[in-house]
Amino acid sequence: DAKTTQPPSMDCAEGRAANLPCNHSTISGNEYVYWYRQIHSQGPQYIIHGLKNNETNEMASLIITEDRKSSTLILPHATLRDTAVYYCIVRVSIYNQGGKLIFGQGTELSVKP
Amino acid sequence: GAVVSQHPSWVICKSGTSVKIECRSLDFQATTMFWYRQFPKQSLMLMATSNEGSKATYEQGVEKDKFLINHASLTLSTLTVTSAHPEDSSFYICSARDLATGRFDEQYFGPGTRLTVT
């Protein structure tokens with residue numbers, strides 16, 4: 001699976017959009033981009049995933065560049081409860097094959113009042 | 001959404017004893033479960049993959065005789081830390097996938113178990 005690079009930490013003001021970047025320059029054509037987050041001392045939570053099109057759900061938006069070498073997770077209106085470590089993971093998603101997630105170091109997002 | 005529980009949420013044990021951690025999928029059948037370990041200020045490290053009814057697959061460097069995994073039913077996987085030592089103190093997290101309903105792109109994580117070995 002391709003490796004990812006994320007900034008170790010970011011700050012964001014409450015109510016503003018939080019834009020978390022992720023570089024995955026060695027991504028293969030059949031690899032998806034997944035985002036999870038982990039609030040302190042809890043299990044990770046799935047946020048969103050995509051292949052090449054931009055995706056949006058009730059939690060966030062995922063913007064993937066045309067060459068797929070980087071992506072940005074957008075939390076449109078960050079709240080204090082969004083303070084967490086955000087993990088960008090790239091992996092093949094094939095039904096009934098493996099599916100294990102390899103976590104990198106992630107970005108520690110601090111939302112400040 | 002799908003719920004995964006872990007029991008206990010925290011445990012303190014003495015060095016040399018064994019500890020069992022349970023991971024349950026509460027509202028779906030988990031054909032595959034994963035076990036992770038997380039040390040303070042570090043990321044999650046995958047320990048093993050368990051498939052219902054078969055032997056677990058361990059990641060490189062993880063001792064299978066020390067970390068016993070059993071996935072005897074579609075809703076329960078257990079991790080037993082045998083002869084625990086202080087260096088085994090960590091946050092243990094399980095996750096589960098539901099292949100039956102096609103939600104294969106999501107893994108549902110448990111809340112974690114904090115193990116402290118004294």
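**Disulfides, a buried strand and local backbone features**

In this predicted model, the side chain of B:T82 comes within 3.3 Å of the backbone oxygen of B:D65. B:T82 sits in the loop that links β8 (76–81) to β9 of chain B. Its relative accessible area is 18%. Buried means under 20%, so B:T82 counts as buried. Setting aside neighbours within four places in sequence, the contacts of B:T82 are B:T17, B:S18, B:D65, B:K66 and B:L68.

Nine of the nine residues of β9(B) are buried, so the strand is largely enclosed by the rest of the structure. In a regular strand, side chains alternate between the two faces of the sheet. In β9(B), B:S90, B:Y92, B:C94, B:A96 and B:D98 point one way. B:F91, B:I93, B:S95 and B:R97 point the other way. Residues of both sets are buried.

Two pairings of β9(B) were examined. Strand β4 (residues 32–38) of chain B runs antiparallel to β9(B), and seven bridges join them. Within β9(B), B:F91 is the residue opposite B:Q38. Strand β11 (residues 113–117) of chain B also pairs with β9(B) in the antiparallel sense, here over three bridges. B:L115 in β11(B) stands opposite B:S90.

B:C94 is joined to B:C23, with an S to S distance of 2.0 Å. The torsion about this S-S bond is about 80°, so the disulfide of B:C23 and B:C94 is right-handed. B:C23 lies in strand β3 (residues 19–25) of chain B and B:C94 in strand β9 (residues 90–98), so the link ties together parts that are 71 residues apart in sequence. B:C23 is buried, at a relative accessible area of 0%. B:C94 is likewise buried, with a value of 0%.

Over all chains, the structure holds two disulfides. The other is in chain A. A:C22 and A:C88 are bonded, with their sulfur atoms 2.1 Å apart. The torsion about this S-S bond is -80°, and the link of A:C22 and A:C88 is left-handed. A:C22 belongs to strand β2 (residues 18–23) of chain A and A:C88 to strand β8 (residues 84–92) of chain A, so the pair connects parts 66 residues apart in sequence. Both A:C22 and A:C88 are buried.

Two further cysteines were examined. B:C13 is in no disulfide, and the nearest cysteine sulfur, that of B:C94, is 18 Å away. With a relative accessible area of 8%, B:C13 is buried. A disulfide requires cysteine sulfur atoms within 2.5 Å. A:C12 is buried too, at 8% relative accessibility. A:C12 is in no disulfide, and the nearest cysteine sulfur to it is that of A:C22, 18 Å away.

Chain B as a whole has zero helices and eleven strands. For its 118 residues, a compact globule would have a radius of gyration near 13 Å; chain B has 14 Å, which agrees. Its C-alpha atoms fill a box of roughly 40 × 25 × 20 Å along the principal axes. Of the 118 residues, 51% count as buried. The accessible surface of chain B is about 5,600 Å², and carbon and sulfur atoms account for 53% of it. Among contacts in chain B between residues at least 6 apart in sequence, 55% join residues at least 24 apart.

Some backbone features remain. Most residues other than glycine have a negative phi, and most peptide bonds are trans. Against this background, the peptide bond joining B:H7 and B:P8 is cis, with omega about 0°. B:P8 lies in the loop between β1 (4–7) and β2 (10–13) of chain B. In chain A, A:S41 is not a glycine, yet its phi is positive, at about 65°. A:S41 is located in the loop between β3 (31–38) and β4 (45–50) of chain A. Its relative accessibility is 36%, and A:S41 counts as partly exposed. A:R68 has a positive phi as well, near 65°. A:R68 is in the loop between β6 (61–64) and β7 (70–75) of chain A. At 9% relative accessibility, A:R68 counts as buried.

Technical notes. Residues numbered from 1 in each chain as written. Chains lettered and ligands numbered in written order. Predicted model: local features only at pLDDT ≥ 70, side-chain atom pairs only at ≥ 80, totals over all residues. Heavy atoms only, no water. Helix = DSSP H or I, 4+ residues; strand = E, 2+ residues; numbered from the N terminus. Buried < 20%, exposed > 50% of the residue type's maximum accessible area, 1.4 Å probe, protein only. Polar contact = N/O pair within 3.5 Å; in protein donor to acceptor, adjacent residues only side chain to side chain. Contact = heavy atoms within 4.5 Å. Pairing = 2+ DSSP bridges. Rg over C-alpha atoms; globule rule 2.2 N^0.38 Å. Areas by Shrake-Rupley, 256 points an atom, 1.4 Å probe, with all protein chains shown as cover.
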